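Hi everyone, thanks for coming. I have one structure to walk you through today, so please have a look at it on the screen.

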Amino acid sequence: MLPMSNLSSSGTPMAASPLTRACLEIDEYAAGLGWDQPARLFALVDTAKLRKQEPRLATQLGLDQDDAGKTQYTPIEQDELPAGTPLDKFLGTVAWPDAVVGCALTVERLMLPPSAEAAVPTGLSEKELAKWVAGHPERQEVRLTVAVLRDGSRESAVRLREKDSASEVLTGAGLVPGLAEALAATFS
C-alpha cells in the first residue's frame, strides 16, 4: 500500500507509469459504477495528441493542460458490448483506427484461490465449471481491468469485491495474461 503522500488527488499513484495510471483511472471509474456491471471496453488515446487535434473535445473531457509534456493516455469508453456474445468472440471482431494507441477492458469474474484449484473436477463443460466455481465456498468476486498498448506494453488492476477500496487494488503487467493477449490481438 502506498502512503497517501504518494497518491495524486484522484488516488492514483503519482510515480506509476502512464499505462498504470490509465488502468487505475478505469478501475476507479468502474468502482464508481458499483458491482454487477457488464464488461466495458475503452480506447486509449495519447492525451497530448488529443489536445492538439481535438481541443474542444479535450476541454469537454476536462483534460488538464498542466500535465503537458508528460506521456498520458486518455481512456474513451466504447459502446456497450453486445449481450450474449462471448467476450473472446467479441474481441475477435474489434479493430482500432491508428489514433488509438491502446485499449483496455474491465470485467467482473469469479476466481478461486490457488489452494482450491486442485479440487476442480475434470471433464466439466464451461457452463458446468462456471456453476461449480459459483458454488465454491472460497470463490472471490473480482473486477479485472486490463490495458495494453500497440507496442506490447501491458498493465492490469485487480479489485476484490470483499476489499473494495482503491488502496487494496493489486496492479501488475502479468496478472491477467489471457485477457491481455486477447486485447493485444485487437491490434493485429
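I'll go through the sheet, then the helices on it, then a few side chains.

One thing before I start: this is a predicted model.

Let's begin with the sheet. It is an open one, built from 6 strands in the order S2-S1-S3-S4-S5-S6, with antiparallel pairing. At the edges you find strand S2, residues 73–77, and strand S6, residues 170–172, and each of these pairs on one side only. From one strand to the next, the twist averages 20 degrees.

Now look at strands S3 and S4. S3 covers residues 100–111 and S4 covers residues 140–149, and the two run antiparallel to each other over 10 bridges. If you want a landmark there, Leu105 stands opposite Val146 in S4.

Next, the helices. Helix H1, residues 18–33, lies across S1, S2, S3, S4, S5 and S6, and it runs at about 30 degrees to S5. Helix H7, residues 177–184, lies across S1, S3, S4 and S5, at about 35 degrees to S4.

On to the aromatic rings. How many aromatic pairs does the count come to? The count is 2. Tyr29 and Phe42 have ring centres 6.0 Å apart and planes at 90 degrees; planes over 60 degrees apart count as edge-to-face, so that is what this pair is. Tyr29 sits in helix H1 and Phe42 in strand S1, 13 residues apart, and the pair links distant parts of the chain. Are these two buried or exposed? Phe42 has a relative accessible area of 3% and is buried, while Tyr29, at 38%, is partly exposed.

The pair formed by Trp96 and Phe187 is stacked, with 6.3 Å from centre to centre and 25 degrees between the planes. Here the partners are 91 residues apart: Trp96 is in the loop between helix H4 and S3, and Phe187 is in the segment after H7. Both fall under the 20% cut-off for buried, with Trp96 at 12% and Phe187 at 18%.

Let me turn to a charged residue, Arg143, which is in strand S4. Its relative accessible area is 2%, so it counts as buried. What does Arg143 lie over? It lies over the face of Trp35, at 4.1 Å from the ring centre. A polar atom of the Arg143 side chain also lies 3.1 Å from the backbone oxygen of Gly34. Beyond its sequence neighbours within four places, Arg143 is in contact with a list of residues including Asp27, Ala30, Ala31, Thr106, Glu108 and Arg159.

My last stop is Glu155, over in strand S5. Glu155 has a relative accessibility of 10%, so this one is buried as well. Which backbone atom lies 2.8 Å from a polar atom of the Glu155 side chain? That is the backbone nitrogen of Gly172.

Methods: Residues are numbered from 1 along each chain as its sequence is written. This is a predicted model: local features need pLDDT of at least 70, side-chain atom pairs count only at pLDDT 80 or more; totals for chains, interfaces and linings use all residues. Side-chain values use heavy atoms; hydrogens and water are left out. Two strands pair if DSSP finds at least two bridges between them. Helices (H or I, at least four residues) and strands (E, at least two) are DSSP runs, numbered from the N terminus. Axes are lines fitted to C-alpha atoms, for helices over the stretch in contact, and angles run from 0 to 180 degrees between N-to-C directions. Contact means heavy atoms within 4.5 Å. Rings of Phe, Tyr and Trp (its six-membered ring) pair if their centres lie within 6.5 Å; planes under 30 degrees apart count as stacked, over 60 as edge-to-face and the rest as tilted. Buried means under 20% relative accessible area, exposed over 50%, partly exposed in between (1.4 Å probe, protein chains only). A charge sits over a ring if NZ of Lys or CZ of Arg is within 6 Å of the ring centre and within 35 degrees of the ring normal. A polar contact is a pair of N or O atoms within 3.5 Å; within protein, one must be able to donate a hydrogen and the other to accept it, and residues adjacent in sequence count only if both atoms are side-chain atoms.
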